Amino acid sequence: LKEILTAQFGVLTIVHKIRKIYFTDDAKCHLDEVEGLGFFIEVEVFDYHASSFSVELRQRCADYRHYFGIEEDQLISQSYSDLILAKV
C-alpha cells in the first residue's frame, strides 16, 4: 500500500514521533514527542452512549485542557506534517 500511495502521490515529508497513549473512562490522551517540533498533547473525549450534546463534549475537552494547564493560545489546528513543512 505504501508503494502504491507513494507512486501515486509522492512523499511531502515524514513525521518521526514517539507517542504514549493513556485512557480514562471517557477520554484518550496522546502524549507525542515530534522530532523537530517538540512535545504535544491531544485529548479525544468519547460519548459511548451518544447521549451527550456537542456543548457537553466541548466542555469535557475544556476541562481536560484546564487540567493539563493548556492555554487557549497554545492550541493548534495543523497536522504535524503541516507544521514540519511550514518550517522548511
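## Aromatic pairs, a pocket and a buried arginine

The model is a predicted one, and it holds two aromatic pairs. Here they are side by side.

| Pair | Distance between ring centres | Angle between planes | Geometry |
|---|---|---|---|
| Phe-40 and Tyr-80 | 5.1 Å | 55° | tilted |
| Tyr-67 and Phe-68 | 5.2 Å | 80° | edge-to-face |

Is Tyr-80 buried or exposed? Its relative accessibility is 15%, so Tyr-80 counts as buried. Tyr-67, by contrast, counts as exposed, at 67% relative accessibility.

Now to the largest pocket, which holds about 630 Å³ of space. Its lining is made up of 22 residues, and the closest to the pocket centre are Ile-41, Glu-42, Val-43, Leu-75 and Ile-76. Two or more lining residues come from each of β3 (38–45) and α2, and β3 gives the most, with seven residues. By type, the lining divides into 14 nonpolar, four polar and four charged residues.

Helix α2 (residues 54–67) also holds Arg-65. Despite its charge, Arg-65 counts as buried, because its relative accessibility is 17% and the cut-off for buried is under 20%. Leaving aside neighbours within four places in sequence, Arg-65 is in contact with Ile-70, Glu-71, Glu-72 and Leu-75. Leu-75 is also one of the residues closest to the centre of the largest pocket.

Notes: Residues numbered from 1 in each chain as written. Predicted model: local features only at pLDDT ≥ 70, side-chain atom pairs only at ≥ 80, totals over all residues. Heavy atoms only, no water. Helix = DSSP H or I, 4+ residues; strand = E, 2+ residues; numbered from the N terminus. Buried < 20%, exposed > 50% of the residue type's maximum accessible area, 1.4 Å probe, protein only. Contact = heavy atoms within 4.5 Å. 1 Å grid on protein atoms, 1.4 Å probe; cavity = no way out; pocket = protein on both sides within 12 Å on 5 of 7 lines; lining within 4 Å. Points joined across faces, edges and corners; volume = space filled by probe spheres on them. Nonpolar A, V, L, I, M, F, W, Y, C, P; charged D, E, K, R; others polar. Phe/Tyr/Trp six-rings, centres within 6.5 Å; stacked < 30°, edge-to-face > 60°.
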